[in-house]
Amino acid sequence: AGSLFEMAGQYRIALEEYVRGHEYKKAVELARTHAPERVVSLHEDWGDSLLEQNFIDMAINHYIEAGASAKAIEAALMARQWSKAESMLDGVSENERIPFMLRLARHYEDTEEFPAAERLYVD
């Protein structure tokens with residue numbers, strides 16, 4: 001349905017139809033030219049949709065595009081991508097960062113990567 005509305009020049013409705021149909025690639029492409037203010041939120045929604053479908057790696061990239069660092073870190077932890085999660089810690093506030101740092105430190109402690117665990121506990 002989104003394509004029909006897009007061909008008819010009804011871009012707002014086309015965009016909503018693409019989103020409703022989980023056609024986020026088309027929604028983002030349309031938004032780039034006709035609703036640029038929606039691109040960021042669409043990437044976050046796309047990430048949410050991918051996470052629900054268990055496409056965690058792909059979700060991380062869309063969260064990064066959206067600037068949703070906390071969601072990107074959480075997804076990286078779910079995917080057991082420890083170093084990727086750690087590399088994104090600077091993108092969140094200190095209040096958000098501390099629980100992630102503790103989770104990462106515990107992981108490093110469990111895997112006997114003590115220097116990495118210590119670095120996170122001390123920071």
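## A salt bridge between a loop and a helix

E16 is partly exposed, with a relative accessible area of 33%; this value and the others in this report come from a predicted model. The residue falls in this class because partly exposed residues lie between the limits of 20% for buried and 50% for exposed. R38, at 23% relative accessibility, is also partly exposed.

The side chains of E16 and R38 form a salt bridge, with an N to O distance of 2.6 Å. E16 belongs to helix α2 and R38 to the loop between α3 and α4, so the bridge ties together parts that stand 22 residues apart in the sequence.

## Further salt bridges

The count of salt bridges in the structure is seven. One of them joins R20 and E17, whose closest N and O atoms are 2.2 Å apart. R20 and E17 both lie in helix α2, with three residues, or about one turn of the helix, between their positions.

## The aromatic pair

How many aromatic pairs does the structure hold? There is one. Its members are Y24 and W46, whose ring centres are 6.2 Å apart and whose planes meet at 20°, so the pair is stacked. Y24 sits in helix α3 and W46 in helix α4, so that distant parts of the chain, 22 residues apart, are linked by the pair.

The two residues are buried: Y24 has a relative accessible area of 7%, and W46 has a relative accessibility of 17%.

In soluble globular proteins, nonpolar side chains tend to be buried together. The largest nonpolar core in this structure contains 38 residues, and I73 and L104 are the ones that touch the most other members. Two or more residues of this core come from each of α2, α3, α4, α5, α6, α7, α8 and α9.

Which residues does I73 touch, if those up to four places away in sequence are not counted? They are A85, M88, L89, V92 and F100.

## V92 and its surroundings

V92, one of the residues touched by I73, lies in the loop between α7 (residues 82–87) and α8 (residues 94–110). Is V92 buried or exposed? With a relative accessible area of 5%, V92 is buried, because it falls under the limit of 20%.

Apart from its neighbours within four places in sequence, V92 is in contact with S69, A70, I73 and R97. S69 is 23 residues away from V92 along the chain, yet the C-alpha atoms of these two residues are separated by 6.1 Å.

Definitions and conventions: Residues numbered from 1 in each chain as written. Predicted model: local features only at pLDDT ≥ 70, side-chain atom pairs only at ≥ 80, totals over all residues. Heavy atoms only, no water. Helix = DSSP H or I, 4+ residues; strand = E, 2+ residues; numbered from the N terminus. Buried < 20%, exposed > 50% of the residue type's maximum accessible area, 1.4 Å probe, protein only. Contact = heavy atoms within 4.5 Å. Core = buried A, V, L, I, M, F, W, Y, C linked by side-chain atoms within 4.5 Å. Salt bridge = Lys/Arg side-chain N within 4 Å of Asp/Glu carboxyl O. Phe/Tyr/Trp six-rings, centres within 6.5 Å; stacked < 30°, edge-to-face > 60°.
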